[in-house]
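Biologist: Before I use any labels for this protein, I would like to hear how each one was reached. Please show me the model first.

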Amino acid sequence: MLCLAILIGSASCFPVYWGDTAAYYNASDPSAVGEILALVNRERQKNGLPPVADDPVLSTIAQNHAADMAGRRYFSHTNPDGKDLFERLGEAGVSYRRAAENIASGYRNPAALIRGWMGSPGHRKNILGDFTKVGVGLCRGYYVLILIRQ
């Protein structure tokens with residue numbers, strides 16, 4: 001049943017543009033994902049840090065978590081079944097020395113999202129951490145950023 005819920009949630013997160021910015025960026029949109037990645041790397045560059053590389057496996061994990069939160073209507077690093085970031089990474093076979101996850105909900109566009117994260121000490125610390133890879137997911141107003149260092 002859980003797999004079905006995740007699949008249904010993921011299926012409902014394809015890009016849809018209804019004429020307003022909020023609907024456009026609250027879908028799973030490749031241009032919004034790319035903009036989030038670019039903004040994260042711009043913040044890192046402003047702080048003298050190297051960019052993080054987009055990782056498709058991390059992006060899949062992030063997208064699945066965003067879709068799960070949207071589909072089951074919760075907001076947490078830990079899903080209702082008790083799985084957290086580290087369990088999701090382990091299930092996907094991702095090896096890492098350090099890992100972090102930022103989540104957010106309700107931002108109208110990627111620029112507002114990054115401003116929000118950069119205004120929060122914990123989220124800012126993650127974005128400016130010693131990470132090398134990143135994955136981005138978004139679905140219906142839920143955003144997930146996963147960062148790792150291998």
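What follows is a set of questions about labels and the values behind them.

Biologist: What makes a residue or a side-chain atom pair count here?

Modeller: This is a predicted model, so local features need pLDDT of at least 70 and side-chain atom pairs count only at pLDDT 80 or more, while totals for chains, interfaces and linings use all residues. Residues are numbered from 1 along each chain as its sequence is written, and side-chain values use heavy atoms, with hydrogens and water left out.

Biologist: How many helices and strands does the protein chain have, and what makes a run count as one?

Modeller: The protein chain has seven helices and four strands. Both are DSSP runs numbered from the N terminus: helices are H or I with at least four residues, strands are E with at least two. In order from the N terminus, the elements read α-α-α-β-α-α-β-α-α-β-β.

Biologist: How do you know that the span of helix H3 agrees with its number of residues?

Modeller: The expected span is 1.5 Å times one less than the number of residues. Helix H3 (residues 30-46) has 17 residues and should span 24 Å; its end C-alpha atoms are 24 Å apart, so the two agree. Just after H3, Gly 48 has a positive phi of about 70 degrees.

Biologist: Why is Arg 88 called buried?

Modeller: Buried means under 20% relative accessible area, exposed means over 50%, and partly exposed lies in between (1.4 Å probe, protein chains only). Arg 88 has 10% relative accessibility, so the residue counts as buried. Arg 88 is in helix H5. Of the 150 residues of the protein chain, 45% count as buried.

Biologist: What does Arg 88 touch, and what makes that a contact?

Modeller: Contact means heavy atoms within 4.5 Å. Not counting residues up to four places away in sequence, Arg 88 touches Ile 61, His 65, His 77, Lys 83 and Glu 101. The side chain of Arg 88 also reaches the backbone oxygen of His 77 at 3.1 Å. A polar contact is a pair of N or O atoms within 3.5 Å; within protein, one must be able to donate a hydrogen and the other to accept it, and residues adjacent in sequence count only if both atoms are side-chain atoms.

Biologist: Is Asn 79 buried or exposed?

Modeller: Asn 79 counts as buried, because its relative accessibility is 9%. Asn 79 sits in the loop between H4 and H5. A polar atom of the Asn 79 side chain lies 2.8 Å from the backbone nitrogen of Asp 81. Leaving aside neighbours within four places in sequence, Asn 79 is in contact with Asp 68, Arg 72 and Tyr 74.

Biologist: Why is the pair of Phe 75 and Tyr 142 called tilted?

Modeller: The ring centres of Phe 75 and Tyr 142 are 6.5 Å apart and their planes stand at 40 degrees, so the pair is tilted. Phe 75 is in the loop between helix H4 (56-72) and helix H5 (85-91) and Tyr 142 is in strand S4 (residues 142-149), so the pair ties together parts 67 residues apart in sequence. Phe 75, at 46% relative accessibility, counts as partly exposed, whereas Tyr 142, at 15%, counts as buried.

Biologist: What makes the pair of Phe 86 and Tyr 96 tilted?

Modeller: For Phe 86 and Tyr 96 the centres are 6.2 Å apart and the planes are at 35 degrees, so this pair is tilted. Phe 86 is in helix H5 and Tyr 96 in the loop between H5 and strand S2 (98-105), 10 residues apart. Phe 86 has 42% relative accessibility and counts as partly exposed; Tyr 96 is partly exposed with 31%.

Biologist: Why is strand S3 called largely enclosed?

Modeller: Six of the seven residues of strand S3 (residues 133-139) are buried, so the rest of the structure largely encloses S3.

Biologist: Which strands pair with S3, and in which sense?

Modeller: Two strands pair if DSSP finds at least two bridges between them. Strand S1 (residues 53-54) and S3 have two bridges and pair in the parallel sense. S3 and S4 are joined by seven bridges and run antiparallel. Gly 137 stands opposite Val 144 in S4.

Technical notes: Rings of Phe, Tyr and Trp (its six-membered ring) pair if their centres lie within 6.5 Å; planes under 30 degrees apart count as stacked, over 60 as edge-to-face and the rest as tilted.
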